[in-house]
Amino acid sequence: MRENPRLDELIDLAFAVCDGAATDEQIGLIEEIISGDPSARLRYLQCLELHLEMDRLGSADSDEAAERPGVAGAGIQDSLPGIGCIIAPGNAESFPLPPADPDAPPVVNLSVPSKFAHSFAGGWAFSYAVATVFMCLLLLGFWAYKLPSDRGSSIASNENSRRSTTSGEEPIHDRPTPIFVGRVTGIAAAKWSDEPNYIAPIGYRVALGRQYKLKSGLMEITYDSGAKVILEGPCSYEVDSTAGGYLALGKLTAKVERGEGGEERGENRRMKDEGGRPNADSLATSHQPLATNPSPLSPLPSPLFTVRTPTAIVTDLGTEFGVEVNEDGDTTSHVFVGSVRVQASDGTGSAQGNLATASTGVVLRANESARLKKDAASGESRIVTGAESVAPPKFARRMREPPKRLDMLDIVAGGDGTGNRRERGIDPTTGRQDTWPLADTRKSNNDYHTVPWNRFIDGVFVPYIPTVKTPIVQIDSAGHIYKDFCAEKIIGGRHIINKPNGKTIGGIWVRAAEIDSRDSLSNTSCWIYNIDDDRQYTPAGRGLLGMHANAGITFDLEAVRKAFEEVRPTRFHATAGLAKGPKKYEDAVGSADLWIFIDGRLVWNRICVRNVDGPLDVDVALGPNNRFLTVVSTQRLDGNAYDWLVLGDPVLETTPIESK
Amino acid sequence: MSQSNPDEFVALYTRFERKLYRYVASLLAHPQEAEDVLQETARVLWQKFDQYRRGEPFLTWACGIARYEVLNHCRRERTRRKYFRPAIIEMLADTRRDNDQLLDAQSRWLKECVEKLAAGDRALIERRYADGQSLADLAAEVGRTPNATYKSMQRIRRTLLHCVDDGLKTEGWK
């Protein structure tokens, strides 16, 4: 069969994409072929689909298996995205037939009938029978060999998770019901250990006995008690109790906040798991030995958070501290806040009995360190403090560096201020997200519209004052109002009062500083993509917030503080101005007023901003308890034509908050 | 973080994860990056799960967010390598949405078409896909040049594509 020559070429190009071999020129060529031809687009997608389907057939996985209840299984129920990584379906782990020797790794031998052959050999009855048996075995293999108790289907970034491995795990029905003691609450650039027998975790729930081996990156575990541990790769950490773990190698930082009475604080401290069974918390608080505790190193449960290492026992006394274990097993502890007790360990998790400090150890307070060195002769650990101790290593106390500034363009576009989202907006007449820049006239009835889809935006509005007798405009959800948006002028001896007319052009829109000329956005008629002097408003190259008069937007500073507990916004900074561009009516001159409020109080404004005024520096201080930051553009007496008000590079500058 | 029921989310997500992956991969000029995009998509889906209206097709809702994440990914990474322009991605997404049933039908026919392949071709394609071997490794194993192996692979995939076309025609697809 001969294709149209263009489509024929497209097929080769599409398969090059599939193989990851497409050059920039080839990608450009694909764009050229498919941009104006719907049938070419479909052909391209068919090629991609063929490739992806082949990948799926090759993975010996199936939609049917994935969709069948009981196959998804408990492991999948334990998984949540956003915490780990997704295993791509096309490259997902294969679930081999159970080998005769359960300890032997599965082997795919091409000399025997393959996965493809299973479903294709013989007549229909034979095929059906084989497929049925194959599916049963497949499901059995999946269930019995590939789902450790706390694994889910799709979460975790893991190089070796793509491998087929059984690692000799006992069948699931022989294992005790998993007891979950916490959750993985953050992963940053984590790579799991390459050790062949190590199966990386996938689920977000942390089971007692689970070992976390990081090659690099960070991972945060939040125990049900509220204690948080940040593991820093390379490290090996086993969750061996409800209140602590065994650090065999590497670094961790633990943060344990205490309520009154010395109890660990945890909002989600639970006594039962989802199935109604008593969980590890309930067992720990009753001080019963954990029958399912898999670690021989784990001591009896203790209400105090404890990190055990080959040479030390570090017990929290209400604090934030770091522990590092080097390859010799030597342990360095450092306290950031509060205090810990450090005891020498005999290597089994129990305190050494023959040292003077064994029973009580030493108590370290803020900024103090201690090192536990194993004595080469006796094999026992010795506590070294003070001048003898080495300088404490650097510990990762946070999963991410606190942002020095938050990009308000990213926030308006739906991000959290740390990203680079652009080309999105908010409709000030509804509060909904705008996904395409339109230069349409929008009218509002002066309502304040909350923006529930964006946690950092309190609301938006279009000022509308139909009569000077009711000049009230609500500017935040707390009900703050402003009454002086009206502009007044004497023309021909008459007082003319121009009131914001409840109309605006387009949405409150976020635009990148640089627009790729190939980008379809560069061809829109929307005013913000047709500015001649845009660069003078974007000295930092971030982008523009377009607020054609009349429009207002209120940022929720409290939400920002909640999201970034390590910092607080202290300044709002932007470069404002009235942009210019091609005009249909050359004589028309735009001019607008810019208003900035904090909690309903006017803190900055410029009346009659014109293009000739050039860029204006906007710099507003923000207090620690300020809740709302409102930015408003309103028309001048000349109406709102060409009132192209922009805020370039708007940011919230932040200041770190010291740990309590 | 969403206050929704995680079990409900996980059930829905795992059911449609494969389709979502294919959707994402087909919009990227580098399908190998689909994993990254899917990961971010999953995170956003969970964050926004409160906004998902029960009773509406989950996949449609999820694809809407995935499309946005693909655009974001391309925008973010475009200084590093070339991607499809946003307008092209939008076109592909629309085409995919409009031809969802046809692409599903193609998947069904593909199994039969693999069966019809000559034994040697089937072995080659099994090695490529079932074993996940790169073309270079495959070439070394079968004792051919990478270029020759690549051409063989292209030929086999074309054969499959045309076989699938024939099957689709019998079902009335044009």
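1. Let me start with one residue pair: G459(A) sits across from T554(A), which belongs to β25(A). Keep in mind while looking at it that this is a predicted model.

2. That pair points to the strands involved. In chain A, β17 covers residues 457–461 and β25 covers residues 551–556, and the two run antiparallel to one another, joined by four bridges.

3. Zooming out, β17 and β25 belong to an open sheet of six strands in chain A, with antiparallel pairing. Reading across, the order goes β16-β17-β25-β30-β27-β28. At the edges you'll find β16 (448–450) and β28 (601–609) of chain A, each with pairing on one side only. Going from one strand to the next, the twist averages 15 degrees.

4. Elsewhere in chain A, have a look at β10 (residues 369–374) and β11 (residues 381–385). These two also pair in the antiparallel sense, here over five bridges. As for individual partners, K374(A) is bridged to S381(A) in β11(A).

5. What sits between those strands? The hairpin of β10(A) and β11(A) has six residues between the strands.

6. On the confidence side, the scores for the model are ipTM 0.94 and pTM 0.46. For chain B, the average pLDDT is 85, and 96% of the residues score at least 70.

Notes
Residues are numbered from 1 along each chain as its sequence is written. Chains are lettered from A and ligands numbered from 1 in the order in which they are written. This is a predicted model: local features need pLDDT of at least 70, side-chain atom pairs count only at pLDDT 80 or more; totals for chains, interfaces and linings use all residues. Two strands pair if DSSP finds at least two bridges between them. Axes are lines fitted to C-alpha atoms, for helices over the stretch in contact, and angles run from 0 to 180 degrees between N-to-C directions. pLDDT is the predictor's confidence in each residue, from 0 to 100.
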